[in-house]
Amino acid sequence: MHQGRPHYVVERPAYSQKQFDEEFGRNRRSLPLGDKVKKVLRCSAGRMRGLLFRHLPVLGWLPKYNARQNLLCDVISGVSAGTIQVPQGMAFALLANLPPVNGLYSSFFPLIPYFFMGTAHQMVPGTFAVLSIMVGMVCQRLAPESQFSHFNETLNATIVDEEQMNQARLAISGTLACLTAVIQIGLGFMQFGFVAIYFSESFIRGFMTAAGLQILISVLKYIFGISVPPYSGPLAVVYTLIDICCGLPHTNIASLVFAVVSAVALITVKELNAHYRHKIPFPIPMEIIIVVAATAISGPLDMPQKYHMDIVGEIPLGFPAPILPAVPEWSEMLSTAFSLAIVGYVINLAMGRTLASKHGYDVDPNQEMLALGFSNFLGGFFKIHVICCALSVTLAVDSAGGSSQFSSLCVMLVVMVTMLTLGAYLNPLPKSVLGALIAVNLKNTLLQLSDPYHLWKKNKLDCCVWLVSFFSTLFLSLPFGVAVGVGFSILVVVFQTQFRNGSEVAQVMDTDLYKNPKVYDKVKLIEGVKVISYCSPLYFANAEIFRRKVIKKTGLDPGKVLLARKKFLKKQQEKEARELKANQGQQEKETTRRNMSSLVTMKTQSDFDSSGAGITDVPTSYINPSFDITGSLDHLPAPPPVTMEMQPMPFHTLILDLGGVCFIDLMGIKVINKMSNTYSRLGISVYLANVQAQVLEELESGGVFEESCITAADVFLSVHDAVLFAQNTPPSPSTTGTVDRQKITLAFDIEEEDGDLEQVKEDDWGGEDMCRHDGG
C-alpha cells in the first residue's frame, strides 16, 4: 500500500499491566531503606579516590597535560588576557564603590583555588560588572559617605575622609565575599547545583540586560566627570539618571574627551580583532594599551590638576594584610549574599557549559559551585569583592588558544606584577578612561534589548519572563530583580503544567494509533469507549482541572447524573408521602364518622335499657371508652419502594491515557480514585493505559488499587490493549438500556445531604458491590 516505507507486523495477545508483569517478570527498582543507607555510607579506597579526583579535578588533567603542544599557547593567551584583566578589574572596582586596587585583589587571589578545583579549563575567575554593582549597593548602604564626612573650617567645605571610607568598605566587601562563599560551599556540598535549572535563558538575558543598563547609567558620572549622590533601593536608577541629566551643564570636558577617544579606539580595535580573528595569533590587548597611553598623557602634562579630573589615585603596592570577616554584619547582608551566590554561580556555569560544549569536555555543576565558593572564601580574607567568571578575559583566553588552567596562572602573574611594581605608575589614570572601558564592554549586553521582538514571535510566555525580569531588575534593584524574575519563571512553569489541554483521541484507520480527531481526519471513534489523553504531571495544582477536562471531553458528569437521580427520587418520595398523608386524613375522617355513629347507637340502647324494656346482655368488649380516634396507623401497609428507570449511558468504558504524565502526587491519586468510584456507580469501567513505570509505582504506593474500583488488571500497556479489552468485556446493563427495561433501585439514603457525591464514602454506596472488576 505504502511503497518505499518500512512495514512491521506484530501479532501478540493484548496485555494488561498485571498480565505483562507476571509473564515477563517485573523487577522492583527501589532498594530497601537499609540498603540505601549502606550505599551512601559505604567507604572504600576506590570511593575515596573518586571523591578526591572529583573535588580536585587538577589531579585528573595535570598528569595528562601535553606541555610541548599546549604550554606556549597557554602562556601567550594568559599574558594577553592578563592585560585585559588588570584595567577591567580596576574599572569594575569603581562600580563596587571600592578603590581600584580592590579590582587587582579580586583578579588575583580567587584564581588560586579555582586552578585546583575548577572544571572549566579555559575559565578565568575575576570581576563581573553585575556582581560589582550589587556589591557596591551594600558598601554604599553600610558605609555611606555621610558617615566619613566632616566640615573643614579652613576650606569652608565638607570633606570626605576617603582613606578611612575605603578601608571600611574594603572590610565590608571581604565580609560579604566570605558570606557568599559560605552559601555557595553549603549549596555545593548539598548537591544543590540543580538550582540553575530554575534560571531560564529568558530570565538570565532579561536580568543581564537590565543590569547592563544600570551599569551604563552608573559609569556616566565618570565619563562626564560630574558628581552624583549615591542612591540605592527601588527606582535608584531613575534618580541617578535624573541627577546625571541635571549635571550635564557641569561636564568636565577633559574627562569627556579622554572617555570618547578611548571608547572610539577600543571599539575600532575590537571590531578589527573580531574581523581578523582567524589571521592573528591572539587579540590585540587594546585595553592595556589605552590605559598605558592615557596614563602617559595625563601624568607628564599634569592634566588632573589643571582640569580637575577624577583619577585612580595611589595604588598600594604589595599584597594586602589578611583580615577576619565581621560575622555580626552577616545578618544585614544575607539577602544580597544569597542573590550574589546564585547569580554568580549561574553566570559561571553558563560560561563553563559553553566552553565545555565547544571543546568536548564536561562541567560538573556541583563542583563548579564548590570551586566558586572556595575562590570567594579565600579572597574574602584579602579584601576582594564577590567574583565569578571574568567574561572578557575568559573569551580572550579561549580565542587565543588557551587549553588549560595554566592560562589563568599566567593571568595571575600579570596581575601580581601590577600589584607589586606597576601599580605605582597608574596614579594619574583618569577614571573616565575606566568608565569608557566598562561602557564599551557592555555592547553585547545592551544589544539584547531587541530580545522581546524576537521572543514574542517564538514564545510569548518566554517574552513575558524576559520583560518581568528586565523591568523588575531595572526599577526595583538587582536583588529584587532576581527574586521577582525567578518567582515569575516558576509561576510560568506551574501555569504551563496546570492548564494543559486534555483531548479525546480516536483510532487512526486500520492502525493501533490514537490521535486527536480535531487534528487528523482519517480517524474513527470507538463505539462505547472514550479515550482521554492528558499531557502533564498530575499533582495538586491541576488535579481538579484534570477531572473537569475529563468530564468536558466525555460529555458526562457522573456526579451530576447521580445527584439528579437522587433529587428525582427524593421528590418521588415526598410526593408519595403527601399522597399517603392525604389517604391517612381520609381514613381518619371515615373512622371518626363510624365511631360517632357507634356512640349514638350506644346512647339509644342505654335509654332503652333504663326504661326496663328489651334488656339484653351486651359484651363488655364491644364498648371501648378509651378508643383514640387519632390513634396510630402503623397497621397500614408501607408504601412501595421508589424506583426509576435507568437511562442508557453514552459509553461503557473510560480509558485514561497517562503516557504524558511523568509524575503523580497524592492529590492526583485521590482524584483518580474519586473518578473511578463515581463512574463505577453508573456502570462505567475506568482503565489506565500507557502508565510510566515510576508513575505506576506511585499509584501502587498511593493505594489506588485498594481505595478505588481500579484493580491491577485495569492497567494496560497501551491504549490499544485497553480498547481491545473494553470491546471484549460485556457492558453493564445500565450502560445499554436493555434487559427488558429493567427497573433498578439506586442504593442510597434519600435523607442524605445533597453534597458533592464524589466525597461520599464507598460504604454509603454499597462499597465494592458497585465496582466493576471485569477488565482482566
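Contact is defined here as heavy atoms within 4.5 Å. The structure is a predicted model, in which local features need pLDDT of at least 70 and side-chain atom pairs count only at pLDDT 80 or more, while totals for chains, interfaces and linings use all residues. Residues are numbered from 1 along each chain as its sequence is written, and side-chain values use heavy atoms, with hydrogens and water left out.

With neighbours within four places in sequence set aside, Ile215 is in contact with Leu95, Ala129, Val130, Ile133, Ile438 and Leu442. A nonpolar core is a set of buried Ala, Val, Leu, Ile, Met, Phe, Trp, Tyr and Cys residues joined through side-chain atoms within 4.5 Å; buried denotes under 20% relative accessible area (1.4 Å probe, protein chains only). The largest such core has 127 residues, of which Met90, Val130 and Ile215 touch the most other members. Helix H15 (residues 330-359) supplies the largest share of this core, 13 residues. A second, separate core holds 32 residues, including Ile532 and Val550.

Helices (H or I, at least four residues) and strands (E, at least two) are DSSP runs numbered from the N terminus. Strand E12 (residues 685-689) is largely enclosed by the rest of the structure, because five of its five residues are buried. Ser685, Tyr687 and Ala689 point one way from E12, and Val686 and Leu688 point the other way. Strands are taken as paired if DSSP finds at least two bridges between them. E12 pairs in the parallel sense with strand E11 (residues 653-657) over five bridges, with Leu688 as the bridge partner of Leu656. Parallel pairing of E12 with strand E13 (residues 715-716) involves two bridges, and Ala689 stands opposite Phe716 in E13.

Key:
Buried < 20%, exposed > 50% of the residue type's maximum accessible area, 1.4 Å probe, protein only.
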